[in-house]
Amino acid sequence: VLAPTIFYCGLTAVFGNLTELRGFATDSYQSFVIPVSLLQGAGFTGAATGVNLARDIEQGWFDRLLASPVPRTVILAGMVLSAALRALLPATVLLLVAFAIGAHWPGLGGLALAVAGVMATATAAACWGCALALRFRTQAAAPLMQAGMFVLVLCTSSYAPLDLLTGWLHTAARINPVTQVLEMVRQGFVGGVTWDGTWPGLLTLAALVSVLGAFALRGMRRMAD
């Protein structure tokens, strides 16, 4: 809850005048950058799920779950869906702070997209964290769990529109699939909600959850064997 909110307040204070650049998409930097902090909060929540799983593995608690007659998919689904629900807590705090300091109201459609993006990102991040926890079986892997999603979110059009980015950051943001997720969540806060701006983000999230979920489930089955 605290880290994404502090990042958000710091970024709006330091980079708020970027809206004066020619071609910037909005005059409200608070509105432009709130999706970044929302996805960061979701990523932190997912990473915490991986850390908690690693702790349970170290303490032997997870062995009891594996010994139960419960399908592995159900165990994994319980962990990642809990992350999706917990991600709504930092998201709620962030939105309240953002609206208090001047962010635009995104409308019900934009708000629904933001909530969906947060929950799906947290699910993908939890799958990533669980896959690493099952691979390394130690909390020492926590920095890798956090850094993976953190870098993916930052190497997007996070702090400025894609057309205003230059050099390697422009290239990274253009090929980074999470850029599509960020632009989807940004709808409503900046501009209107459209299907053309929505489906690439939904497709990216579905692919991330499917691929990372498959890796996590594979690790769980290997550990059970």
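Where does Arg137 lie? Arg137 sits in the loop between H6 and H7, and we'll come back to that loop once the helices around it are in place. What you're looking at is a predicted model, in which local features need pLDDT of at least 70 and side-chain atom pairs count only at pLDDT 80 or more, while totals for chains, interfaces and linings use all residues. Residues are numbered from 1 along each chain as its sequence is written, and side-chain values use heavy atoms, with hydrogens and water left out. The helix names follow DSSP runs numbered from the N terminus (helices are H or I, at least four residues; strands are E, at least two).

Let's start with helix H2, residues 29–59. Two packed helices are described by the angle between their axes and the distance between the axes. Here the axes are lines fitted to C-alpha atoms, for helices over the stretch in contact, and angles run from 0 to 180 degrees between N-to-C directions. H2 packs with H7 at an angle of about 160°, and their axes are 9 Å apart. Contact here means heavy atoms within 4.5 Å. Sorted by class, this contact has 11 nonpolar, four polar and no charged residues. In that sorting, Ala, Val, Leu, Ile, Met, Phe, Trp, Tyr, Cys and Pro count as nonpolar, Asp, Glu, Lys and Arg as charged, and the others, Gly among them, as polar.

H2 also packs with H5, again at about 160° with the axes 9 Å apart. That makes H2 roughly antiparallel to H5, and this crossing is right-handed. Ile34, Ser37, Leu38, Gly41 and Thr45 of H2 make the contact with Pro90, Ala91, Leu94, Leu95 and Ala98 of H5. The tally is seven nonpolar, three polar and no charged residues.

So what's in the interior? The largest nonpolar core has 34 residues, and those with the most contacts inside it are Tyr8, Ile34, Leu38 and Val185. A core of this kind is a set of buried Ala, Val, Leu, Ile, Met, Phe, Trp, Tyr and Cys residues joined through side-chain atoms within 4.5 Å. Helices H1 (2–15), H2, H5 (88–100), H6 and H9 (178–186) each give two or more residues to this core, and H2 gives the most, with eight. Leaving aside neighbours within four places in sequence, Tyr8 is in contact with Gln30, Val33, Ile34, Ser37, Leu94, Val97, Ala98, Ile101 and Ala103. A second, separate core of 28 residues includes Leu66, Ala131, Leu134 and Ala141.

Now back to H6 and H7. The axes of H6 (residues 107–136) and H7 (residues 142–154) come within 9 Å and cross at roughly 145°, in a right-handed crossing. From H6, the contact uses Thr121, Ala125, Trp128, Gly129, Leu132, Ala133 and Phe136, and from H7 it uses Leu144, Met145, Gly148 and Met149. Eight of these residues are nonpolar, three polar and none charged.

Most residues other than glycine have a negative phi. At 42% relative accessibility, Arg137 counts as partly exposed, the class between buried (under 20% relative accessible area) and exposed (over 50%), using a 1.4 Å probe and protein chains only. Gln139 is found in this loop too and is partly exposed at 32%. Not counting residues up to four places away in sequence, Gln139 touches Val51, Ala54, Arg55 and Glu58. The C-alpha atoms of Gln139 and Glu58 are separated by 8.1 Å, though the two are 81 residues apart along the chain.

Phe24, in the loop between H1 and H2, counts as buried at 12% relative accessibility. Trp195, in the loop between H9 and H10 (199–224), is exposed at 59%.

Notes. Left-handed = near helix turned anticlockwise from the far one by under 90°. Parallel < 35°, antiparallel > 145°, perpendicular 65-115°, else oblique.
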